[in-house]
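Here are a few friendly notes to read alongside the model.

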Amino acid sequence: MRYLFLLLYVCLFSSALNSQTPDTIPPFLHCKQPGEVTVKYCTGTLNVSDIIDSLSDNTPPIYLGIHRKCMGEKFPETNYFRFSETDWGTQTVSAWAKDAMGNKSSCTTTVKVIPPTGAFCDPTIKFSYKTVAGKGIDSVLIRLQGQNCEADSFKWLYQLGTLSCCNGISGIFNTFGLAAPAPGYESRITIERNDQPLNGVTTYDLTLISKHVLGLELLDSPYKIIAADVNQDGKVTTFDIIVLRKLILGIIDELPNGKSWRFLPEGYVFPNPANPFDPPFPEQYYIPASKPFHPNNFPFIGIKIGDVNDSAFPGG
C-alpha cells in the first residue's frame, strides 16, 4: 500500500511539474506550393489563410500574419494583404504564426497576381503642393524613390511646369500607369522648386526678420520662422538678414544650397511652434518597407524661403 501511494504521489508531482513547464515549441506551419494561389483582381486581397496548407500548435490561440518580401522579421501587423496594379506577376509572400506563449514560425511561398481580362487597372497617385494660404504652386520637381532589401529600386522624377499636368488646377498632380510606393519597399517622396529666389522677397521681409531677431516683434507662425531661416541652418539670426540683403542687392544670385522653396508634409504638427527646428521638421514622406499598406495621396505645404509675409507668386 505504501508503494502504491508513493507511485501515485510521484505521478501527480510529475504531472504538476510538466503542467508548469512553458511551451517553447513554435507552431507547425506549412505553406502551399509556389504558384498554387492566384490573385485575379485590379486590386486583390490575399488573406494569410489563402496560402497556408497546414497549421497546428500546442498552446492555442494561434495568431496569424502575412508579409511580403523585404518587409522585415517582426511579426506582421495584419493577416491580409492588398495587392495593387503595380504587383502583377509572381510575388513572394510569407505566412506567420504565433501561439499564446509567443513562439513564432513562418513559411514562404509565391502567388500569381494577374489582372482580370479586359480591365483598365492603372494605379493612381496624387500629389498636391500649396502655400500655407492654399495657393497652388507650379514648376515643381517631384521625386519618388524606393528600395527593398534585395537592392531592387525604383526612381521616378516628375518635372512639372505651369499647369502642364494639373487638369487646370494649379498645385495638384495625378498620375497613373507608373510605379507607386509598395510594401516591401522603403519609399521616400520629396518635392523641390529652386528657381526665382527673389520671388516674394523685399526689404519688408528684412524688416520683419530683424524685428524677430531683436525680439521686438516675433514671427507668429512656424511657417514664417522657416521662411526667415534663409541659410537653412535651423535658426533665425542676423546672418539670415545678411544673406537676404545680398540677394536683394544682387551680390548673390541664389540662396544657400541652391534652394528657393522648402516643402513639408501637410498636417505635420510642430511640437514647439515657436521653434519649428527642434526637433527638425520632415521634408519628405517616408514609408518604411514594413508598412503593410502604402498611401497614394501625398499633400505638401510649400514655403518660399525669405518671403516671410507670403507675397510670392507661386505660379511658374
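How many salt bridges does the count come to? The total is 10 salt bridges, where a salt bridge is a side-chain nitrogen of Lys or Arg within 4 Å of a carboxyl oxygen of Asp or Glu.

1. A word on the basis. This is a predicted model, in which local features need pLDDT of at least 70 and side-chain atom pairs count only at pLDDT 80 or more, while totals for chains, interfaces and linings use all residues. Residues are numbered from 1 along each chain as its sequence is written, and side-chain values use heavy atoms, with hydrogens and water left out.

2. Please look at Lys 69 and Glu 150, whose side chains form a salt bridge at 3.6 Å, N to O. Lys 69 sits in the loop between strand E5 (63–68) and strand E6 (80–82), and Glu 150 in the loop between strand E10 (141–147) and strand E11 (153–159), so the pair ties together parts 81 residues apart in sequence. Strands here are DSSP runs of E with at least two residues, and helices are runs of H or I with at least four, numbered from the N terminus. Lys 69 is partly exposed at 35% relative accessible area, whereas Glu 150 is exposed at 53%; buried means under 20%, exposed over 50%, and partly exposed in between (1.4 Å probe, protein chains only).

3. Next comes Glu 283 with Arg 262, a salt bridge with its closest N and O atoms 2.9 Å apart. This pair links distant parts of the chain, 21 residues apart: Glu 283 is in the loop between strand E14 (261–265) and strand E15 (285–287), and Arg 262 is in strand E14. Arg 262 is buried, at 9% relative accessible area, while Glu 283 is partly exposed at 26%. Both belong to a network of salt bridges that also includes Asp 229 and Lys 259.

4. Asp 233 and Lys 235 also pair through their side chains, in a salt bridge of 3.4 Å, N to O. Asp 233 is partly exposed, with 34% relative accessible area, and so is Lys 235, with 44%.

5. Finally, the helices. The axes of H2 (residues 203–214) and H4 (residues 238–249) come within 10 Å and cross at roughly 170°; axes are lines fitted to C-alpha atoms over the stretch in contact, with angles from 0 to 180 degrees between N-to-C directions. That makes H2 roughly antiparallel to H4, a label for angles over 145 degrees.

Technical notes: Angles under 35 degrees count as roughly parallel, over 145 as roughly antiparallel, 65 to 115 as roughly perpendicular and the rest as oblique.
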